[in-house]
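Here is a short note to read beside the model. Take the points in order, with the structure open.

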Amino acid sequence: MPQTDNVRIAPADGKLGVLIPGMGAVTTTFIAGLEAIKRGLGKPIGSLTQLGTIRLGKRTDGRSPAIQDFVPLARMEDIVVGGWDIFEDNPYEAAVKAGVLEMSLLEQLKEPLSAIKPMPAVFDQQFVKRLNGPNIKPKGSKMDHAEMVMDDIRRFKEKTGVSRMTMIWCASTEVFHQAAPVHATLKDFECGLQKNDPEISPSQIYAYAALKSGVPYANGAPHMTTDMPALLELARERNLPVSGKDFKSGQTFMKTLIAPGLKSRLLGLSGWFSTNILGNRDGEVLDDPGSFKSKEVSKSSALEYILQGKLYPDLYRDFYHKVRIEYYPPRGDAKEGWDNIDIFGWLGYPMQIKINFLCRDSILAAPLVLDIVLFMDLAQRAGMRGIQEWLSFYFKAPMHAPELYPEHDIFIQLMKLKNTLRWMRGENLITHLGLEYYD
Ligand SMILES: NC(=O)c1ccc[n+]([C@@H]2O[C@H](COP(=O)([O-])OP(=O)(O)OC[C@H]3O[C@@H](n4cnc5c(N)ncnc54)[C@H](O)[C@@H]3O)[C@@H](O)[C@H]2O)c1
């Protein structure tokens, strides 16, 4: 009920521009999905914004509207996509190469997919060792490149007539870096852009350009981008939301489903070994130890935070956790993940769980891209700035305030997301207490 909203939410009028660095497997599957769904050729399976409902009030009230009717979200028909890539392939050509979607579907979508032309990328091979491509910005300082991206954003807005924009990184995983002195304040960072500081990555240049242009930024990859003081300062100064990082699509999704269940029954864990084979370009990039390190760090923390070894020393203090990713070209995007989970029960008796997930990486990631951009746009219209922790649901390594630990349990994350929507609209939060039904 609009009159009781806790925050003023501007209406989702006009078109929403979605700006995407990286037009590879995930992005082309997302765009093709949008176009296919608009034409009635498929359904948005996996998308909470399109298919999810939200219970309001008491269980006896019978109020469970669709999420998209409860909060004002941009419509899929109003999304206009633009992006950058180091290759000149348009999304049709890139989707054919990525091999995720069937040619029979891609042929029907050839016209809209071919109409998008990737803008020249900000690229630095120091950050993605296994790739090189021709479609890159002319030489210049990192500040010059940031200004070129701001020009791209301005031109995109003029050309398409979108009323709002949001940026989401779907480009390759960059080499692992931690915050350096150049990331300490916005002033240091801007000085570093001028001086070409080697610690400033291409993703940080895009994020800086986005935030300077009034555009929220989300990070779908595991490397550090806005999770450092300088860009958070910029986000706060401009009243813009940021979120990340690393889409929680496959193996970590499984992990954050299973681990809360084991913990709920106080079953112990002695070891969890996860391995994957995948043969897409993402797998090739992750074959480089620097990029793999970003992924390894992002994938490793979920179990520790969910299981809380310090609180449950008998169960989770010393478990062994190992994560491997193997590049295996014959599989393409059809990733296969194995998890071997060594658990123990009553009196310490050991048991094992084996999970063999034959998934499709980009099919799992595409709906997350859609939800994240729609919720980031909502957050911006609701004046929510800085880290959007309520979007942790979508990420393997959720951004969080420095004094907090991240929430990884997918069920808590979903409750947090839905309660945030209820809070926005002035509805009672749902605690699941339920005593009133029995009084
Ligand atoms: N389920 C998933 O697919 C999944 C899950 C979590 C995270 N991710 C992350 O999402 C990202 C995209 O995955 P993908 O499978 O589409 O990979 P991809 O290799 O198919 O696509 C990435 C694209 O980014 C481009 N690129 C690299 N550096 C760039 C730059 N600086 N500017 C512009 N373009 C650049 C590459 O040329 C490539 O076309 C990866 O970082 C991946 O780790 C994917």
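1. Start with a term. A helix here is a DSSP run of H or I with at least four residues, and helices are numbered from the N terminus. Helix α13 covers residues 289–307, and Ser-301 lies in it. Keep in mind that this is a predicted model.

2. Being buried would take 20 or more, and being exposed 12 or fewer.

3. Now look at Ser-301 together with Ala-397. Along the sequence, 96 residues separate the two. In space, their C-alpha atoms are 7.3 Å apart.

4. Step back to the whole chain. It has 16 helices and 11 strands. Its C-alpha atoms fill a box of roughly 65 × 55 × 50 Å along the principal axes.

5. How does the radius of gyration of the chain agree with that of a compact globule? For 439 residues, such a globule would have a value near 22 Å. The chain has 22 Å, so the two agree.

6. Check burial and contacts next. Of the 439 residues, 48% count as buried. Take the contacts with a separation of 6 or more: 79% of them come from residues 24 or more positions apart.

7. Find the open sheet. Seven strands form it, in the order β3-β2-β1-β4-β5-β6-β11. The pairing is parallel.

8. Why do β3 and β11 each have a side without a neighbour in the sheet? Both stand at the edges, β3 at 119–120 and β11 at 386–387. Each has a single partner strand, so one side is left without a neighbour.

9. Strand β6, residues 241–244, pairs with β11 in the parallel sense over two bridges. Val-242 has Ile-387 in β11 as its bridge partner. Helix α9, residues 202–212, packs on the sheet. There α9 touches β1 (16–21), β4 (164–169) and β5 (217–219). The direction of α9 makes about 165° with that of β4.

10. Finish with the domains. The domain assignment gives domain 1 as 2–247 + 363–424, and domain 2 as 251–358. Their C-alpha centres lie 26 Å apart.

Definitions and conventions
Residues numbered from 1 in each chain as written. Predicted model: local features only at pLDDT ≥ 70, side-chain atom pairs only at ≥ 80, totals over all residues. Pairing = 2+ DSSP bridges. Contact = placed C-beta atoms within 7 Å. Axes fitted to C-alpha atoms, helices over the stretch in contact; angles between N-to-C directions. Domains from an automatic or database assignment. Rg over C-alpha atoms; globule rule 2.2 N^0.38 Å. Buried ≥ 20, exposed ≤ 12 C-beta atoms within 10 Å, placed from the backbone.
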